[in-house]
Each structure stands twice: as structure tokens, then as C-alpha cells.
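Hi,

Here's the structure I said I'd pass along. Have a look at it first, and then read on for what turned up.

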Amino acid sequence: MIPKKYAQLLFSLILSGLMSLLVSGITTVRTTGLHDQTLHLWLSAWLPAWIVAFPSVMVVAPLTQKLVAMLVRKD
């Protein structure tokens, strides 16, 4: 198992990977349609997106958590 101190890093890695995969896939299919090169185009769009998304999530996730904490009523 991965040590707990890496939880935020792992969260950012998985979230950014899945979200960039999903968004780049939808965008690729909407732009080019489904054909024999769709998978190649999708993956070639996804990797650069993930490279940007990963550090972005690392910065934005903690800020989002703080914003949510301010917006949610404390019981």
C-alpha cells in the first residue's frame, strides 16, 4: 500500500487522469467523429491535457476544499 502522506498526490494524479481522459475523449469524438483513428487522436490529445491537468488539480483541489468548507453549514 501507498503511505498516507502521498494521499493528496495520488488523489490529484487519479482525478486529473480520469477527468482529462473523459473530457479529451468527448471533445475528440465530437470534433472528429468515430473512425479508425479516433483512439489514436484521443490518446494524443489526452496526454498533453493530463500534463496540464495534474498540476492544476494539485493547486485547485485544496482551494476548492476550503471554498466548500466556507459554503457548507457547520452542524
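A quick definition before the rest: a residue counts as exposed when its relative accessible area is over 50%, as buried when that value is under 20%, and as partly exposed in between. Keep in mind too that this is a predicted model.

With that cut-off, His 40 is exposed, because its relative accessible area comes to 51%. His 40 sits in helix α2.

Now the helices. Two packed helices are described by the angle between their axes and the distance between the axes. Here α1 and α2 (residues 38–71 for the latter) pack at about 140°, and their axes are 6 Å apart. That angle makes α1 oblique to α2, since only angles over 145 degrees would count as roughly antiparallel. As for handedness, the crossing of α1 past α2 is right-handed.

Which residues make the nonpolar patch? They are Ile 2, Tyr 6, Leu 9, Leu 10, Leu 13, Ile 14, Leu 18 and Met 58, and together they form a patch of about 700 Å². Helix α1, covering residues 7–32, gives the most to this patch, with 5 residues.

Leu 10 is one of the residues in the patch, and it belongs to helix α1. Is Leu 10 buried, exposed or partly exposed? Its relative accessible area is 32%, so Leu 10 is partly exposed.

Cheers

Terms used:
Residues are numbered from 1 along each chain as its sequence is written. This is a predicted model: local features need pLDDT of at least 70, side-chain atom pairs count only at pLDDT 80 or more; totals for chains, interfaces and linings use all residues. Side-chain values use heavy atoms; hydrogens and water are left out. Patches are made of residues with over 30% relative accessible area and no salt bridge: like charges are joined within 9 Å, nonpolar side chains (Val, Leu, Ile, Met, Phe, Trp, Tyr) within 5 Å. Accessible areas come from the Shrake-Rupley method with a 1.4 Å probe; for residues, only the protein chains shown count as cover. A salt bridge is a side-chain nitrogen of Lys or Arg within 4 Å of a carboxyl oxygen of Asp or Glu. Helices (H or I, at least four residues) and strands (E, at least two) are DSSP runs, numbered from the N terminus. Buried means under 20% relative accessible area, exposed over 50%, partly exposed in between (1.4 Å probe, protein chains only). Axes are lines fitted to C-alpha atoms, for helices over the stretch in contact, and angles run from 0 to 180 degrees between N-to-C directions. Angles under 35 degrees count as roughly parallel, over 145 as roughly antiparallel, 65 to 115 as roughly perpendicular and the rest as oblique. A crossing is left-handed if the near helix is turned anticlockwise from the far one by less than a right angle, and right-handed if clockwise.
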